[in-house]
Amino acid sequence: MASTFEWFREFRDVRKIEALAAAIADMRPGPLSVMEVCGGHTHVIMRYGRNQLLPTAIRFVHGPGCPVCIIPKERIDQAIALARCDDVVLVTLADMMRVPGSSSSLIRERAGGRDIRMVYSPMDVVKIAADAPEKQVVYFAIGFETTAPLTAALVQTVLERHTENVLIHMNHVLVPPALDAVMDAEDVAIEAFIAPGHVTAITGTGIYRDLCERHRVPVVVSGFEPVDMLQSVQMILEQRAAGRAEVAIQYTRAVRPEGNRKAQALVSQYFTVRDSFRWRGLGEIPASGLALKPEYGCLDAEVRLADRLPVAPVNDHRVCICGEILRGRQEPTQCPAFGRACTPGNPMGACMVSSEGACHAYFTYQQVR
Ligand code: SF4
């Protein structure tokens, strides 16, 4: 059986990369703006040097696919407000810890003595709750369609075990409405999408059908290695040359057209689509977030602890252009704070914090471009 290294080597093979780059150059593409939706794809593009590999006519526009980056400040303030309650243990994923809220961050609050835990899996919440029966354990749930099933599995477990001290603060968001919002913006012209493989492995490709049909743009679901990305660009160019605008799967080793039906069923069992959710940079987007169904309101931190949560929208620091980057209007190097006042060690905005953030990717890899 192939080792993990051998498995990935095939998709990082220099000769394959060069052959694909040459094949793309031979297609002599005209100007083309491709949005790579996922922050993981942004990192591959920066790490492997898009300028050296692809014709300059192909422009990558970074999309709103970093789950930490798109959470607006007021929801981080809500997490901080909950963490400041003596009867609460606040639990979340690691990247969330350093994202600045209005005046603090979760990591600063933890340094100040608040009980805030980082977990790698939502299921870790079950043990934390069992070990602290006198506390209300609030899971600050973030992520796209990829991680929503894991939160749904937590909800199921909590209900089955009749655990009474777990609440969920829901921040799960949906990719297609955000891409629609990007396409509907008058100041951004996207001609094709490289869609996130992990999200589509759960949802299936049907979620992009409206986007393709309404806006006549090719959507290629891509893996996260350089060979994957180049093949995806090649597939987009083939569609353009043939005058087609379809959903196609490059990442066939992980994605099926129908997605993961078991995960989909779990999500629809416990969650419903919100009327609207506010995204950093994109503002309110209708039907773009998930909430617990009303019948599970007993687990909903926004219902049970509503009186403790600040709700007024909060804008980013006046210098930070994270919002513009997430909308595909600007690049990180256009921010006056980039690499100066704002670095991964001292982030001013969410896009510099997360390992999937565009500013973080530019800062990490710009020296090898
Ligand atoms: S460099 Fe920092 S301040 Fe500027 S947009 Fe990125 S995260 Fe915001």
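Predicted model: local features only at pLDDT ≥ 70, side-chain atom pairs only at ≥ 80, totals over all residues.

**Entry 1: domains**

I took the bounds from the domain assignment, which gives domain 1 as 17-62 + 180-249, domain 2 as 73-173 + 269-308 and domain 3 as 322-363. I then looked up the contacts: five residues of domain 1 touch six residues of domain 2. On the domain 1 side, I found that helix α10 (residues 197-203) gives the most, with four residues. I sorted that side by residue type and got three nonpolar, two polar and no charged. Taken over C-alpha atoms, the centres of domain 1 and domain 2 are 33 Å apart.

**Entry 2: α3 and what follows**

Next I went to helix α3 (residues 39-47), which is mostly covered, with seven of its nine residues buried. I noted the names: Gly-39, His-41, Thr-42, His-43, Val-44, Ile-45 and Met-46. Just after α3, I came across Gly-49 with a positive phi of about 75°.

Is Leu-53 buried or exposed? I count it as buried, because it has 20 C-beta neighbours inside 10 Å, and 20 is the number at which a residue passes as buried. Not counting residues up to four places away in sequence, Leu-53 touches Ala-21, Tyr-48 and Leu-230. I also checked Leu-53 against Asp-180: they lie 127 residues apart in sequence and 29 Å apart in space, C-alpha to C-alpha.

**Entry 3: two β-α-β units**

I followed strand β3 (residues 88-93) to strand β4 (residues 116-119) and found them paired in the parallel sense over four bridges. Leu-93 has Val-119 in β4 as its bridge partner. With helix α6 (residues 106-111), β3 and β4 make a right-handed β-α-β unit.

Then I traced another such unit, also right-handed, made of β5, helix α8 (residues 148-160) and β6. Strand β5 (residues 136-143) runs parallel to β6, and seven bridges join them. I marked Val-137, which stands opposite Val-166 in β6.

I stayed with β6 for a while. Why is strand β6 (residues 166-172) largely enclosed by the rest of the structure? I put it down to the count, because seven of its seven residues are buried. I reminded myself that in a regular strand the side chains alternate between the two faces of the sheet. In β6 both faces are covered: Val-166, Ile-168, Met-170 and His-172 are buried on one side, and Leu-167, His-169 and Asn-171 on the other.

**Entry 4: positive phi away from glycine**

Most residues other than glycine have a negative phi, I noted before starting this search. I found Arg-216 with a positive phi of about 55°, although it is not a glycine. Arg-216 lies in the loop between α11 (209-215) and β8 (219-222). I list Arg-216 as exposed, because it has 11 other C-beta atoms within 10 Å.

Ala-287 also went on my list: it is not a glycine, yet its phi is positive, about 50°. I located Ala-287 in the loop between β12 (283-286) and β13 (290-292). With 14 other C-beta atoms within 10 Å, Ala-287 is partly exposed.

Which residues are closest to the ligand? I counted 16 residues around it, and the closest are Cys-320, Cys-335, Cys-342, Gly-349 and Cys-359. By type, I found the shell to hold 15 nonpolar residues, one polar and no charged. Helices α15 (322-326) and α16 (350-353) each supply at least two residues of the shell.

I call Cys-351 buried, because it has 36 C-beta neighbours inside 10 Å. Leaving aside neighbours within four places in sequence, Cys-351 is in contact with several residues, among them Cys-66, Cys-69, Cys-322, Cys-359 and His-360. From Cys-351 to Ala-245, 106 residues apart along the chain, the C-alpha atoms are separated by 31 Å.

Key:
Residues numbered from 1 in each chain as written. Buried ≥ 20, exposed ≤ 12 C-beta atoms within 10 Å, placed from the backbone. Near = placed C-beta within 6 Å. Nonpolar A, V, L, I, M, F, W, Y, C, P; charged D, E, K, R; others polar. Pairing = 2+ DSSP bridges. Right-handed = clockwise from strand over helix to strand, strands pointing away. Domains from an automatic or database assignment. Contact = placed C-beta atoms within 7 Å.
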